[in-house]
Amino acid sequence: MSTTTRPMPAKTEPIAAAPHPTLRVYNTLSREKESFRTVRPGKVGIYLCGPTVYDKAHIGHMVGPVIFDCIKRYLEYCGYDVTWVVNITDVDDKLIKKATERGISMLQVAEENIADYEGNLTALGVDQIDHFPRATDCMPEIIQFIEELIERGFAYASDGDVYFDVGRDAQYGKLSNRTLDSVHGEGGETAARKRHVADFALWKSAKPGEPSWKSPWGEGRPGWHIECSAMSRKLLGETFDIHGGGLDLMFPHHENEIAQSECCHAKPMVTYWAHNGLLRAGAVSGKIGGRTEREGGELASASGQPADVVSGKMSRSKGAGGLADLIKRQGGERIRFFLLRTHYRSTVLFNEPAIEEAGVGLESFYRLFKRYTRITGKDFYALKPATKREQGEPASAGGDPVLTAAATCRQKFITAMDDDFNTGGAIGELFELAKVTNKFCDDADLEGKGKTDAAAIAKFTTLLTTIKELASILGIFLHAPAQAGAGGDELLAKVMPLVIELRASARKNKNFAVADKIRDALGPIGVTLEDRAGGTEWSVGEPASAGGPALDGIMQLLIQLRADARAAKDFATGDTIRNQLTAAGITLEDRAGGTEWTKA
Ligand SMILES: [Zn+2]
């Protein structure tokens, strides 16, 4: 039999020079970190295999989206124009089975679970995806792709099915390091229709009652692998830069994608194959900002724990469900931070105390941001840092030891991200920078005598702006925790009656200074009061200025009103504020530097 083989992808493909030669990306194909170069100058195409939407998402489904969201942010920070595609598999055996079980259509099953998936992405701050193609929306492209493969001798129709002919592909197995002899294929009833056991379905003929589409081979539906080849070509071209997915997809899914695309186009499909580690349930928690938890990839050696704490790859059957509930309990920012703490290629050990521990790390930043507000009267979340690598501050420290320390943290952060997107190392530098900032604040006594030192305040603001710059790359601290986390709106509803009551009593007592203070505080955070016959109503819209989200703004106002009341020896009002907040589940803590609030 004559063999048509695809050519070896040439390393001399027109690949643009690297603007940042230090940026290196691990490539599963070469098993090496390679310097990052793009197919088209200044542009990056990323394709991530998305979910098969037959059930609700679990936290394991979020590992890839969170890390690639961060990778896209970093590449844009490095000056690239990035297009990121995540496909949605909405036709598949599991969806058909689920629809039959529940007595609803496959489309309904898909719609429900896509809504769940998108809600989870939003909660985790994943908002960088440019295209969400669905398999059922790409039928013409899929059928076209299969026709081309048949035409070029790499696929054959058999009894209403179409199979990829692995025997024609001399490079089959190159991604997962397999030989054809070691691949056993699906077997079963379809084995008789295939030339080689390892041949895989591009098109499956429809069984009675199954959802199906018309094709040159009869009614049927596509196999899973072909949709990714067709969608990536449609949206990113025949050759693109980064293909991501969980390690469990390397074989057979990605091996088959490469076979389809490279045989069809006689050119490389992807420059970098980037596989993220999987999430496992485990009793181990890592160090905040540390690099120990996942480093090295192997569970037992990375964690120092016996392997029996590990109950296997996170999946629905392991009881990992309820991501939406987990988000309600923990807040999306904590979960995102937890996932980014160490390197994406290693295994993530998941347990809820570890997420809480990540939350403790986040709280130390939130406290610093409140400190910034106390000192400057400004909102950390309104700071506008540099968005490009070349423009970051402090660009030149001018010999100042604090700014030099900050510049070093920033450089080390970038070095970590350049090293195959080492977010764990980068987070370690962010903690270091927070430490430098808090120490500067203490040394300069910014909450005391230093409060009027304009130069020191300016330096303090530069430090906070640098934290915001680096955190934005990780996609954290973009919004105040009341918005990023859970329960903000509920708390606001409990706290607003107190604000209204204080305003009414101030007006009654002709204490117009207090009434004005309340009015002035509400405007910038988007809270509106309306006096009506039945009482005062409140509503919250978009913040009218950079005043930040409502809950924290209201809390700062109440803390101020309580301090004013106490200063005026009006202890009754001071106590009312504290007691009503306690009833609403908010604790006030008076500290040397001012009062802080926490959710009980
Ligand atoms: Zn895929």
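Which residues of helix H8 (residues 323-330) are buried?

## Helix H8

They are Leu323, Leu326 and Ile327. Buried here means that 20 or more other C-beta atoms, placed from the backbone, lie within 10 Å of a residue's own, while 12 or fewer makes it exposed and anything in between partly exposed. The three cover an arc of only 100° around the axis, which puts them on the same side of H8; that arc is taken from the directions from the helix axis to the C-beta atoms. An α-helix has 3.6 residues a turn, so residues three or four places apart point the same way.

Helix H3 (106-123) and helix H9 (332-340) are among what covers these buried residues. Just after H8 comes glycine 331, with a positive phi of about 85°.

## About the model

This is a predicted model, where local features need pLDDT of at least 70 and side-chain atom pairs count only at pLDDT 80 or more, but totals for chains, interfaces and linings use all residues. Residues are numbered from 1 along each chain as its sequence is written. Helices (H or I, at least four residues) and strands (E, at least two) are DSSP runs, numbered from the N terminus.

## The nonpolar cores

A nonpolar core is a set of buried Ala, Val, Leu, Ile, Met, Phe, Trp, Tyr and Cys residues joined through C-beta atoms within 7 Å. In the largest one, with 132 residues, Ile146 and Leu202 touch the most other members. Another core, of 21 residues, lies apart from it and includes Val495 and Leu502.

## Alanine 592

Look for alanine 592 in the loop between strand E15 (586-591) and strand E16 (594-599). Alanine 592 counts as exposed because it has 6 C-beta neighbours inside 10 Å.

Notes: Contact = placed C-beta atoms within 7 Å.
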